[in-house]
Amino acid sequence: MQNHLLQILALFAMETPVSLDAEDIRSEKVKVLRSMKPLLLEDVVVGQYKGHSKGGKSYQGYTDDPTVPNHSLTPTFAAAAMFINNARWDGVPFLMKAGNALHTRGAEIRVQFRHVPGNLYKKSFATNLDNATNALVIRVQPDEGIYLRINNKVPGLGMRLDRSDLNLLYRSRYPREIPDAYERLLLDAIEGERRLFIRSDELDAAWDLFTPALKELEEMKIVPELYPYGSRGPVGAHYLASKYNVRWGDLGDA
């Protein structure tokens, strides 16, 4: 989370750089991190997966591993809400989560648009107001792609709205082989291309955001919330999302 996800956040939220030069891009990323509020413990949820049986098969919990102490407080899941103090993103919550032994494997950026004040079509969605917001999704892995989830009127005489995806799936649009992420990084390293690599001041700024919360977690001996192996993670993560009126993307069918 401190490394990969924060880099993705910085790339997404940064202002337009002066050029595509590596140093210009990395400088804008650092500006984003330096504008962020330090992570507060009240905006953090940590979890640890426990044993679970599903479909006649049993899965071990984290502490069932013989190399792990029985009373280990090491989290295997974390969710956090972060904020950027600048003119563009003031008041906008950035929620991120990462974990092991979850129901699916993937990495994506999801932009959830807010409800329109005085939405005239609210009644057409019945009680499911989650359907009333559009969403832009950039899927990093697997199945790289971009799609825009929009609301559209169902053809016919009545007034009923449906949710559709405008989908760009890379493997369908570009059938040639897509390089693996580490293949790209190794090639960039060989060629001296530094745009995707962290600069030392970016690393310092990232740790400045996370270190206070990590220190509190350790000093207060916060017990991680247990969640079943193969689930969507601890329930606390959903309370964190609802606190900021955000819905995790993996709750839907996307």
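**From one methionine to the whole fold**

Leaving aside neighbours within four places in sequence, methionine 82 is in contact with Leu6, Met36, Leu39, Val92, Pro93, Phe94, Met96, Leu209 and Phe210. The model is a predicted one.

Methionine 82 is also among the residues with the most contacts inside the largest nonpolar core, together with Leu6, Leu9, Leu33, Met36 and Ile84. This core has 25 residues. Two or more residues come from each of helix 1 (4-13), helix 2 (22-34), strand 1 (44-50), strand 4 (77-82), strand 5 (94-99) and helix 5 (200-219). Helix 5 gives the largest share, six residues. Apart from this core lies another, of 16 residues, among them Tyr49, Val68, Ala101 and Trp248. As a general point, nonpolar side chains in soluble globular proteins tend to be buried together.

Helix 1 can be looked at on its own. Its buried residues are Leu6, Gln7, Leu9, Ala10 and Ala13. These residues lie on the same side of helix 1, because the arc they cover around the axis is only 160 degrees. An α-helix has 3.6 residues a turn, so residues three or four places apart point the same way. The buried residues of helix 1 pack against helix 2, strand 4, strand 5 and helix 5.

Next come the aromatic rings. A pair of aromatic rings is described by the distance of the centres and the angle of the planes. The structure holds nine aromatic pairs. One of them is formed by phenylalanine 12 and tryptophan 89, with 6.0 Å from centre to centre and 35 degrees between the planes, and this pair is tilted. It links distant parts of the chain: phenylalanine 12 is in helix 1, while tryptophan 89 is in the loop between strand 4 and strand 5, 77 residues apart.

Tyrosine 49 belongs to strand 1 and tyrosine 62 to the loop between strand 3 (57-59) and strand 4, 13 residues apart. Both tyrosine 49 and tyrosine 62 are buried.

The last part of the tour is a sheet. Strands of a sheet pair through backbone hydrogen bonds, either parallel or antiparallel. Here four strands form an open sheet in the order 6-7-8-9, with antiparallel pairing. Strand 6 (107-112) and strand 9 are the edge strands, each pairing on one side only. From one strand to the next, the twist averages 20 degrees.

The sheet can be followed strand by strand. Strand 6 is joined to strand 7 by six bridges, and arginine 110 stands opposite valine 137 in strand 7. Strand 7 (residues 135-141) is joined to strand 8 (residues 145-153) by five bridges, and arginine 139 has glycine 145 in strand 8 as its bridge partner. The hairpin of strand 7 and strand 8 has three residues between the strands, and there aspartate 143 takes a positive phi near 55 degrees. Strand 8 then pairs with strand 9 (residues 161-169) over nine bridges, with asparagine 167 in strand 9 as the bridge partner of tyrosine 147.

Definitions and conventions. Residues numbered from 1 in each chain as written. Predicted model: local features only at pLDDT ≥ 70, side-chain atom pairs only at ≥ 80, totals over all residues. Heavy atoms only, no water. Pairing = 2+ DSSP bridges. Core = buried A, V, L, I, M, F, W, Y, C linked by side-chain atoms within 4.5 Å. Buried < 20%, exposed > 50% of the residue type's maximum accessible area, 1.4 Å probe, protein only. Contact = heavy atoms within 4.5 Å. Axes fitted to C-alpha atoms, helices over the stretch in contact; angles between N-to-C directions. Arc of directions from axis to C-beta. Phe/Tyr/Trp six-rings, centres within 6.5 Å; stacked < 30°, edge-to-face > 60°.
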